[in-house]
Amino acid sequence: MDNHPHKPHPPRWADRLLESFCAPHLLEEVQGDLYELYGGWVQEYGARKANRLYVFHTLKFFRPNTMRKKTMSSPMVTADMIRNYLTIAWRNLFIHRLYSFLNITGLAVGLACGILLLLWLTHKLSYDKFHKNLPGIHLMMKNQMLGGEIRTGDATPAPLSAALREQFPEISYAGCTGGRGEKLFNLGEESTYASGIYAEPDVFNIMTFPAVAGNPVEALHDPGSLVISESTARKWFGEADPLGKTVRLNNTHDLQVAAIIRDVPSNSTIRFDVVLPFRLLEQEQKLKWDNYSFMTWIMLQPNTGQEALNDKVKDLLSTKSDEQVELFAYPFADYHLFSSFKNGKPNNNGNIAMVIVLGSLCFFIVLIACINFMNLATARSERRAREVGVRKVMGARRRIIIGQFLSEAMVMTFLSLGLSVLIVNLVLPAYNQLIQLDLELNFSDWQIWSMLLGLGLITGLVAGSYPAFFLSAFQPVRVLKGVIVTGRKAAWLRKGLVSFQFFISIFFIITTIVVYTQLEHIRNRPLGYDQENLIEITAQGDMSQRFDLVKHDLLQLPGVSSVSAGTDNLVWMGGGLTGFQWPGKAPGQDFNLTATWVNYDWVETAGLSLVEGRDFSPAYRSDASACLLNEAAVERMGLSDPIGTVVGENNTVIGVVQDFIYNRPTTDPQPMVVFLRQDNLNHFFVRFRNDQQWQQRLAQIEQIVKTHNPDYPFNFHFTKDEYQHNFDEIQSSGQIATLFSGLAIFIACLGLVGLSAFVAEQRRKEIGIRKVLGATVPHISFSLSRDFFQPVVWAFVLAAPVAGWAMQQMLEGIDYRIELSWWMFSLAGVLALIIAMLTVGFQSVKAALANPVDSLRNE
Amino acid sequence: MRKTYIGELEEVVLLTVALLYDEAYGVAITQEIKAQTERNISISAVHATLHRLSEKGFVNSRMGGATAERGGRRKRFFTVTPAGSRILHDIQDTREQLWRQIPTQALQWKMG
């Protein structure tokens, strides 16, 4: 090559442009001519003009004559090639059994988790979608200023639906439901409970609960009819025709079965087995505008916006009651997921939070599995390098090789998918029990198929893309010479991926630790009353009228120490008051005060304690208008000397009860006021001594109750059990979280095993030489493992703050919470490190124990 | 009678190819045309013409003669085929035939 000074070169982009559109067989001469001319132009006009001329003339070559035709390259996917690919793929699977097994298993487990979570997610997102008119269905909700912030609720008064129907033409149907709960039904001799709800006829015009027989809308107009579900009909009447049969509600009303509906599906926000006509409720109690205990549903006329309606109905409630209440319509489609409000706006704390959390969990687990795949595939690339080199020499273009590896990845993914479906089928019953749902992998449903295929395709593409690109980039010359291809960049990427996997795993470990600690904390929260040895009996029929007699009889029993009654069952207090008066109340100040009515001896029976004052006593006639407050109420009201103060509607405070936990165990005790009442108390409390004969005692109690109330079954609960139910849901959430965290870590470890095995094998000769030179086994194992500790440490350093922040956010919403402390994070870190050490260590030790003779034999 | 016709540019290019005998390639042809007729034909037009002629069977081509100037790329040299030669002769004969029959007055214009 002669040393001439830097020769001007035509602009490279123009060159590339030419190369891209020119037909290959003409390219040489065309480009050569252009170069030759360029030389002349440079000499005649100078470089700059020469460049312009070059570009100009290049563009002029953009003619049909010179363009490349559609390359009719030989079809690369002949049957033979496919057979070759399959054979190679199969051979590879078998030769490297360990890696294949790890890869497929890890991917299968990840996919199984993904499928389980996707099943739950689709179920959750499908709530209420079966209603045909869902876009038009709205629930009336109210906003109220309480204690300085806006409280939103869905409880409305019964007369609201009629008012809406009459006054607003935008509303095509309006109906009201309420009184949901277990109701007693007598069919002849037997009595049984069924979950029932009172509903106005229009509710069935708004919602879609298809009828199997009869007409539910008509049926509900008649206060002597009821509507039941198919399974209830079968349970009550067997195979006989249920229409026209009579059942007795609560031993008081005789109702005829007038219509049968299909069972309410599990993805419905309101569930029931029996529908009772709302008229029935209206007959029993006078329902006024100040009784907010019902849900009002409306259906808007098509093409009516809810904003317009909201403007009109805003003050409807305020005019009817003397409180400032803002009424608005909330789309039912959003209700299930977004039913949690903050300051009048739906926030992300309701069911949607669960959806988001589990959705991201699903995503991350599948991602970890994909990363595993990527890591293992690229690590093993050495073995495939020569194959790639030969293929390229034989004429395969990069695109083809990418296709080959991508399809190998796809095959592995679909194998894993098959395995994961098996796993899901095995695990599904346990999973269903855990989340208390009835999910199934129904293969006749096209949605399931598309979900599975989609999952497989996406996973295969994601997992296979990086290795495919990485492997196909090998240059034949270097590879066939045997140059070590995996350079520093690849190793760095691998460590990064491992780090990422452990980041996610450590995050989950920390989360699980915190969640469990918080759960235990709440469980061990002192209740403020004695839950042991306390039962609560639901009073049915007119038993509440005969309380004094029942109490007298019960107290005769040995071991029964105290009996009382109340309107609520201690664990759940629903009643609330607003607008309560107390001395020193500032104008505009208000808060929700829980209210309950009890009989004498309530404090003692419940095991509560009085901080000041005394309990209600029959000795004082004035107690009929007296009340008790709890500590929180006293504090909120700012009463310095509560005993004797007159609050509310002329009620004298005679005692202050120590705060106790009710409703949600996570919140601080809310203020409560307790009044005296002697009748209409639905819950009886009996406290008895705990000793060997408690079962007999229970039988005796049952006897007594039965004598006073022969028509009804004996329905009682241990208060302690009731309380524990609160935790069922949280506990199962905790279990799910732990389960999936464990799985995430498991998959990450699978990846580690594969990687460490691979690295150990790569360094076989090095280890052999070291041993020959006198290194000890521990020394070698350590040096092998050290490479893997770094990513874990990094992962911890990054995960701890992120997890800490996330946990802090979660705990903010809970009043009775733990403080995040160091031990939670250190425990997670140590756990992760131990797990990493175990997985890596095993392979390292195995490698370190190898006989140098074997590894150095072929040097 | 000729079965195919060639255009004016094609004829000029074909004649130049014949003229350059064995040295006829893209750049040379372009430069020769420029020198002989003062016409500035772009290299792409010449290439296009040559390929049309090749498709019609009037020229043959062979590769050869790479130089450093061309970045090591070879040139495509064109030669006239017997068919090409025949058509050139045909054109020439037709022209001469027409010329002989033109009366003197038709093309006499005094430039005054």
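A cavity is a set of points, on a 1 Å grid over the protein atoms alone, where a 1.4 Å probe fits but cannot get out; lining residues have an atom within 4 Å of a point. Helices (H or I, at least four residues) and strands (E, at least two) are DSSP runs, numbered from the N terminus. The volume of the largest cavity is about 60 Å³. Volume is the space filled by probe spheres set on the points, with grid points joined across faces, edges and corners. Six cavities reach 30 Å³ or more.

Residues are numbered from 1 along each chain as its sequence is written, and chains are lettered from A in the order in which they are written. For this predicted model, local features need pLDDT of at least 70, side-chain atom pairs count only at pLDDT 80 or more, and totals for chains, interfaces and linings use all residues, while side-chain values use heavy atoms, with hydrogens and water left out.

Chain A brings 18 residues to the contact (heavy atoms within 4.5 Å) and chain B brings 20. About 1800 Å² is buried between the two chains, 52% of it on carbon and sulfur atoms. A:E28, A:E29 and A:E36 supply 33% of the area that chain A buries against chain B, more than any other three residues. Buried area is the accessible area (1.4 Å probe) that two parts lose on being put together, summed over both.

Four salt bridges link chain A and chain B (side-chain nitrogen of Lys or Arg within 4 Å of a carboxyl oxygen of Asp or Glu). B:R70 lies in the loop between β1 (59–64) and β2 (75–80) of chain B, and A:D33 in helix α2 of chain A, so the pair joins two chains.

Note on methods. On a 1 Å grid over the protein atoms alone, a cavity is a set of points where a 1.4 Å probe fits but cannot get out, and a pocket is an open set with protein on both sides within 12 Å along at least five of seven lines; lining residues have an atom within 4 Å of a point.
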